[in-house]
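Let us walk through this structure by question and answer. Keep the sequence and the 3D view open as you read.

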Amino acid sequence: MPVEVRLPTVLRQHAAGQSSVKANGATVGEVFEDLVRQFPLLANQVITEDGSLHKFVNVYRNDDDVRFLDKLATPVEEADVITILPAVAGG
Amino acid sequence: MPGPAIAGNRLDAFGGHRRRVPSTSVLRISRADWQSIIDHSLAEAEKPAEACGLLAGELGDMDVKAVYPCGNAAPADRQNVIYELDSRDYLKADRDAREKGWDIIGVYHSHTHTQAYPSPTDIAQAPDPSWHYIVASVQHPAPVVRSYTIVDGEVAEEPLVLERPASQ
């Protein structure tokens with residue numbers, strides 16, 4: 001069941017330059033696993049080695065930050081759009 | 001008429017010479033977008049807080065097509081020294097930019113009490129080496145707005161060129 005995953009510019013170099021890709025999975029975590037299967041260079045860019053969401057990345061399922069849902073266990077359906085955004089901050 | 005064939009440095013000192021800055025290193029922005037960055041920065045400075053927002057354009061081009069003012073989600077008592085761009089505002093800006101065929105290609109933020117140059121925190125936290133980083137200083141009555149690239153901790157200024165609307 002593919003969902004659309006929108007990538008920020010900084011990650012596109014790891015995904016053949018694409019701004020948006022399709023990936024399969026019933027949860028956000030499974031979608032990211034499939035994403036890394038397709039684009040191995042994305043490994044460790046979104047999910048840390050211990051399997052949690054990277055601190056400097058925000059992930060949305062449609063309008064909702066998955067940190068306030070079930071994080072990587074957040075369920076996804078075919079019409080959902082997953083958006084990955086870098087955390088933007090400074091001083 | 002071509003100028004005398006002397007070393008470029010002397011001509012550079014007067015500005016305006018076409019060899020002064022390679023065209024690829026100039027970031028173009030509309031006067032209206034430039035003004036909106038200044039207005040946002042001045043308004044937030046009243047709190048006092050740093051303003052922040054996103055720049056949209058076509059990836060690889062040197063034109064800012066739109067600016068999206070965003071909220072500063074840093075703790076209220078720290079907003080005068082840091083910014084954390086509200087990720088929900090980022091999501092909305094990203095959607096709007098994609099609908100128009102653009103991408104988010106940079107960020108602007110203001111410095112309320114320091115110069116228009118990326119701080120060590122800005123450099124350390126720069127999220128994307130392909131982005132443009134506009135810093136607006138409102139420490140003095142006359143705001144100063146400058147743009148930079150930040151690649152592997154290296155800061156390089158890219159002069160901002162203000163463009164008139166196409167209709168003029």
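Q: What percentage of the 168 residues of chain B count as buried?
A: This is a predicted model. A residue is buried if 20 or more other C-beta atoms lie within 10 Å of its own. Of the 168 residues of chain B, the share that counts as buried is 36%.

Q: How many helices and strands does chain B have?
A: From the N terminus on, the elements of chain B run α-β-α-β-β-β-α-β-α-β-β-β-β. The secondary structure of chain B therefore comes to four helices and nine strands.

Q: What is the strand order of the open sheet of six strands in chain B?
A: Start with strand 2 of chain B. It pairs with strand 3 of chain B in the antiparallel sense, over five bridges. Strand 2 of chain B also pairs with strand 5 of chain B, antiparallel over six bridges. The pairing in the sheet is mixed, and the order is 3-2-5-6-7-8.

Q: Which strands of chain B stand at the edges of this sheet?
A: An edge strand here has a single partner strand, so one side of it is left without a neighbour in the sheet. From one strand to the next, the twist averages 30 degrees. The edges are held by strand 3 (66–70) and strand 8 (154–157) of chain B.

Q: Which residue stands opposite B:C52 in strand 5 of chain B?
A: In strand 3 of chain B, the bridge partner of B:C52 is B:C70. In strand 5 of chain B, the residue opposite B:C52 is B:H109.

Q: In which sense do strand 5 and strand 6 of chain B pair, parallel or antiparallel?
A: Take one bridge first: B:Y108 has B:I134 in strand 6 of chain B as its partner. Strand 5 of chain B and strand 6 (residues 132–137) of chain B are joined over six bridges, and the sense is parallel.

Q: What angle does helix 3 of chain B make with strand 3 of chain B?
A: Compare two helices. Helix 2 (residues 31–45) of chain B packs on the sheet, and its direction makes about 10 degrees with that of strand 3 of chain B. Helix 3 of chain B lies across strand 2, strand 3 and strand 5 of chain B. It runs to strand 3 of chain B at about 160 degrees.

Q: Which element of chain B gives the most to the side that touches chain A?
A: In total, 22 residues of chain B are in contact with 14 residues of chain A. Strand 4 (83–84), helix 3 (87–99), strand 5 (103–111) and helix 4 (120–125) of chain B each give two or more residues to that side. By class, the side has eleven nonpolar, six polar and five charged residues. With five residues, the element that gives the most is strand 5 of chain B.

Q: Which residue is the bridge partner of A:G90 in strand 4 of chain B?
A: Two bridges join strand 6 (residues 89–90) of chain A to strand 4 of chain B. These strands run antiparallel. The partner of A:G90 is B:Y83.

Q: How does A:H54 count: buried, exposed or partly exposed?
A: A:H54 lies in the loop between helix 2 (28–38) and strand 3 (57–61) of chain A. Buried needs 20 or more neighbours, and exposed means 12 or fewer. A:H54 has 15 C-beta neighbours inside 10 Å, so it counts as partly exposed.

Terms used:
Residues numbered from 1 in each chain as written. Chains lettered and ligands numbered in written order. Predicted model: local features only at pLDDT ≥ 70, side-chain atom pairs only at ≥ 80, totals over all residues. Contact = placed C-beta atoms within 7 Å. Nonpolar A, V, L, I, M, F, W, Y, C, P; charged D, E, K, R; others polar. Pairing = 2+ DSSP bridges. Axes fitted to C-alpha atoms, helices over the stretch in contact; angles between N-to-C directions.
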